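Please look over the structure shown here before reading on. The paragraphs after it go through the structure step by step.

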Amino acid sequence: MAESNNQSAETKLSDVHKRIKAAFETFDNAANNTVDVREIGTIIYSLGCFPSQADLHDFIAEVEEDHSGYIHLDRFLPAMTKVLLEHKFPPIPKDLLLQAFEVLDKDNKGYLEPEELTKYMTQEGEPFTQEEMEEMLTGLADHERNVIYYKDVINQLAIDPDM
Amino acid sequence: MGCGTSVATETQGKRVERDEAVQTPGPALTMKAAVLIQRWYRRYMARLEMRRRYTWNIFQSIEYAGEQDQLQLSSFFSFMLDNFTQLNGNGPDLISQLLDPVVDPWLDREICYSLILVPESYSGPRLSFPLSVSDTNALLAAFKEQQTLHARYVLQLLYETKKLLKQMPNIIHLSTSYTKEITICGDLHGRLDDLLLIFYKNGLPSAETPYVFNGDFVDRGKKSVEVVILLFAYLLLYPDNMHLNRGNHEDYIMNLRYGFTKEVMQKYKTHGQEILQLFQDVFSLLPVATVIDGKILIVHGGISDQTNLDFLSSIERHKVSGNNQLCLIVVHLIECFHLEQIVDVLWSDPKIQEGCSPNTFRGGGCYFGPDVTQRLLLQHGLQLLIRSHECKQEGYELCHGGQVITIFSASNYYEEGSNRGAYIKVGRELVPRFYQYQVSRTTRKLTLTQRVRAAEGSALRALKEKLFAHRSELMCGFQEYDQNYTGRVSVSEWALVLEAVLRLDLPWRTLRPHLARLAPDGSVEYQSCFEDMGPGIPLPQVTSNLAETLFRYRTDIEIIFNIIDKDHSGLISIEEFRHTWRLFSAHLGVAIDDSAIDDLARSIDFNKDGSIDFTEFLEAFRVVHKLDSKDPHLSEKMSRKKYS
């Protein structure tokens with residue numbers, strides 16, 4: 001399929017729009033082009049971005065309809081397109097992630113105890129809910145030893161196909 | 001935003017610190033590390049949530065598309081009726097074969113269950129009527145041990161149930177004043193485990209624990225017989241405390257298509273037909289609605305703007321098959337309005353938009369909006385509508401400002417981990433409380449990842465089969481964009497073709513990595529969509545065109561075979577086969593060569609006695625997933641080494 005450079009830029013933009021719309025529509029329960037503001041984080045993360053909570057707050061402030069609790073596609077689409085095209089919230093490289101875990105693993109054990117991880121996740125970083133913590137422990141802990149071998153976990157969770 | 005870079009610098013700093021063997025990293029660094037991990041984890045969970053949602057979309061789209069096919073089959077029957085004069089004398093017999101089952105269920109049938117001998121060797125429950133608690137306990141214990149109730153007792157149970165139901169009105173009125181609370185359950189679809197779990201959590205049916213089961217007890221699940229026997233047994237034991245509403249699956253045609261008929265015939269080879277006949281009588285006699293305290297209306301599907309409870313109470317419900325189209329053929333036009341009332345109540349779905357429109361997905365009933373609900377509730381002094389009919393991830397869902405509740409009691413309906421089941425408890429204050437549960441095959445709690453993966457795998461298999469079933473149309477579509485036969489189209493074009501041909505509202509781009517391969521230049525190699533699939537038993541006479549058509553319509557064909565095969569022997573004559581096939585393809589407008597069908601018929605008649613074992617025939621048009629090691633038939637086929 002031969003395409004000129006102009007066309008490929010246009011198709012690229014159109015593809016980005018389609019991706020954003022597809023992600024948005026998955027949470028648009030009422031089929032009226034709006035989503036609950038609480039779902040925005042999930043949508044942005046699922047599009048491959050890694051904003052912090054502060055980043056999310058700023059983004060939401062830009063696109064929310066006057067504190068209605070809803071975000072309309074008309075405002076989300078241009079803002080999100082910009083984020084994707086400018087690579088605003090870049091992904092975390094694996095080795096950086098590993099180092100982060102090693103920072104938390106103060107005794108250099110090669111794994112983290114569930115209590116340790118819980119302490120850091122709920123007391124240290126940004127607000128992390130009880131539910132998130134429970135699911136994280138169920139998901140990441142080794143079944144037999146009940147500890148988190150973070151090297152394995154980083155590799156495991158990265159295997160899923162990238163969209 | 002800069003966060004990434006600053007951590008990198010910090011971490012490099014940390015490395016230096018470590019080399020100098022300084023003590024533990026400072027609090028600021030720990031904080032940054034924690035934040036990083038949280039962000040990474042949240043992104044991963046968001047992707048998982050995304051996959052869970054589109055998996056759900058796939059299952060729902062395919063399920064509703066399947067129900068649309070139901071419409072096709074029904075219109076085939078009307079086509080047959082219209083054209084029967086052209087059937088060269090074979091017509092009337094064939095038609096009467098099709099319509100014969102719809103005999104007035106009010107009539108008493110000659111059921112000589114007392115003549116059926118139960119052998120000494122039978123170790124299952126021996127029921128004595130009228131039933132007592134020891135009988136229902138025996139049934140529970142037996143079914144937990146995978147035992148089957150003897151045909152004689154099944155027939156007797158059904159006969160007694162039929163007698164009881166004849167005395168019941170169309171709408172049952174209940175009161176909370178005599179009991180503590182009423183429990184309301186939704187679709188069970190043959191899931192015995194879910195029913196047992198409900199009984200375990202909530203208590204067995206009794207005077208203190210009254211139940212309403214809101215239809216769809218059978219089909220799809222593997223234990224429909226056991227589920228419905230238990231429900232009927234408790235109905236006989238506690239007729240004032242056990243209440244069953246009819247669902248759209250309590251119907252002859254639905255049972256043919258969705259598995260109940262097959263299950264009965266497999267479990268009861270000798271008396272299956274009689275048992276099925278009685279089941280159909282009983283189903284048609286089930287009440288269609290329940291009202292609690294004059295305030296809460298419970299029906300299986302929903303309502304329409306024509307629904308009128310007084311009128312609904314007055315019609316003869318047993319005359320109405322739950323199946324829309326077939327009814328129109330059988331029932332006189334005068335009674336059309338009657339049947340529509342019942343069909344609406346069994347098939348309708350609520351929607352967000354106002355108004356009432358025909359339910360095109362299901363082929364029967366309506367989509368009803370919040371205004372329709374409001375009007376009906378006001379008209380009859382009601383405050384709440386409880387219905388089922390649609391699978392919900394949490395087992396229940398509220399809509400129409402809380403005036404409609406959907407309750408669904410078959411957990412893991414699409415796949416292990418796909419959804420929870422739930423039931424409602426309501427007491428004198430008439431405030432519903434929800435109880436959720438999920439049947440789990442393993443004792444170890446599955447992680448969300450494992451559940452999503454399993455559900456996703458299952459959904460994608462089903463989707464791939466759909467692609468395979470429409471292969472020629474899809475290839476045509478692709479080739480329109482690929483005039484130079486490069487074998488590639490762009491991702492957008494690929495998505496457009498899929499949407500146009502399959503008409504499933506799914507996020508095709510997101511699904512693309514699972515369905516098709518990309519070429520190095522980023523375009524889609526569209527042939528790769530079909531690579532993973534192959535025919536069950538390749539028959540050399542069968543062209544790929546014929547194979548595809550037969551695969552696509554195999555469920556319908558199976559249904560027609562089952563109707564023709566009156567004695568459920570699994571065999572039909574070649575003439576009948578040829579005849580039905582010609583009609584079906586004429587109706588579909590599919591050009592299949594007569595001689596191709598003849599060749600096919602002859603080749604399938606393996607023992608040359610003029611009859612076809614259609615189960616074997618259909619096996620040939622089962623699709624095998626070549627790369628799927630979990631496919632139970634694959635290893636068998638592999639050992640035969642017959643791949644073309």
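What follows covers confidence, the overall make-up of one chain, and then a few local sites.

The model is a predicted one. Its overall scores are an ipTM of 0.83 and a pTM of 0.74. Chain A averages a pLDDT of 81, and 91% of its residues score at least 70. Within chain A, confidence is lowest in helix 1 (residues 5-26), where the mean is 78, and highest in helix 4 (residues 73-85), with a mean of 91. Residues 1-5 of chain A have a pLDDT below 50, and this stretch has 7 contacts in the model beyond near neighbours in sequence. Another stretch of chain A, residues 159-163, also stays under 50, and for these residues the model has 14 contacts beyond four places in sequence.

For chain B the average pLDDT is 79, and 73% of the residues score at least 70. Over residues 1-23 of chain B the pLDDT stays under 50, with 21 contacts in the model beyond four places in sequence. The pLDDT is below 50 over residues 84-95 of chain B as well, a stretch with 12 contacts beyond near neighbours in sequence.

Next comes the make-up of chain B. This chain contains 24 helices and 21 strands. It has 644 residues, of which 57% count as buried. Its accessible surface is about 27500 Å², and carbon and sulfur atoms account for 52% of that area. How much of the contact pattern joins residues at least 24 apart? Taking the contacts in chain B between residues at least 6 apart in sequence, the share is 73%.

One annotation comes from a record. An unreviewed UniProt entry places the feature "domain: EF-hand" at residues 469-504, 552-587 and 592-627 of chain B. In the model, the span 469-504 of chain B is 67% helix and 6% strand, and its end C-alpha atoms lie 14 Å apart.

Over all chains, the structure holds 22 aromatic pairs. One of them joins Trp56(B) and Tyr414(B); the ring centres are 5.3 Å apart and the planes stand at 80 degrees, so the pair is edge-to-face. Which parts of the chain does this pair tie together? Trp56(B) lies in helix 2 (residues 27-83) of chain B, while Tyr414(B) lies in the loop between strand 12 (404-407) and strand 13 (421-426) of chain B, so the pair ties together parts that are 358 residues apart in sequence. Trp56(B) has a relative accessibility of 12%, which is under the 20% limit, so the residue counts as buried. Tyr414(B), at 14%, also counts as buried.

A second pair is formed by Phe199(B) and Tyr211(B), whose ring centres are 5.7 Å apart; their planes are at 80 degrees, so this pair is edge-to-face. Phe199(B) belongs to helix 6 (residues 192-202) of chain B and Tyr211(B) to strand 3 (residues 211-213) of chain B, 12 residues apart. Both Phe199(B) and Tyr211(B) are buried.

Ring pairs also build a cluster, made up of Trp56(B), Phe59(B), Phe408(B), Tyr413(B) and Tyr414(B). The loop between strand 12 and strand 13 of chain B holds Ser409(B) too. Is Ser409(B) buried or exposed? Its relative accessibility is 0%, so Ser409(B) counts as buried. Leaving out residues up to four places away in sequence, Ser409(B) touches several residues, among them Cys185(B), Asp187(B), Asp194(B), Ile198(B), Gly421(B) and Tyr437(B).

Lys109(A) lies over the face of Tyr111(A), 5.5 Å from the ring centre. Glu124(A) is in helix 6 (residues 114-124) of chain A. With a relative accessibility of 27%, Glu124(A) counts as partly exposed. Beyond its neighbours within four places in sequence, Glu124(A) is in contact with Lys119(A) and with Pro27(B), Thr30(B), Met31(B) and Ala34(B).

Technical notes. Residues are numbered from 1 along each chain as its sequence is written. Chains are lettered from A and ligands numbered from 1 in the order in which they are written. This is a predicted model: local features need pLDDT of at least 70, side-chain atom pairs count only at pLDDT 80 or more; totals for chains, interfaces and linings use all residues. Side-chain values use heavy atoms; hydrogens and water are left out. Helices (H or I, at least four residues) and strands (E, at least two) are DSSP runs, numbered from the N terminus. Buried means under 20% relative accessible area, exposed over 50%, partly exposed in between (1.4 Å probe, protein chains only). Contact means heavy atoms within 4.5 Å. Accessible areas come from the Shrake-Rupley method with a 1.4 Å probe; for residues, only the protein chains shown count as cover. pLDDT is the predictor's confidence in each residue, from 0 to 100. UniProt positions are given in the numbering used here, feature names are shortened, and annotations may be inferred rather than shown by experiment. Rings of Phe, Tyr and Trp (its six-membered ring) pair if their centres lie within 6.5 Å; planes under 30 degrees apart count as stacked, over 60 as edge-to-face and the rest as tilted. A charge sits over a ring if NZ of Lys or CZ of Arg is within 6 Å of the ring centre and within 35 degrees of the ring normal.
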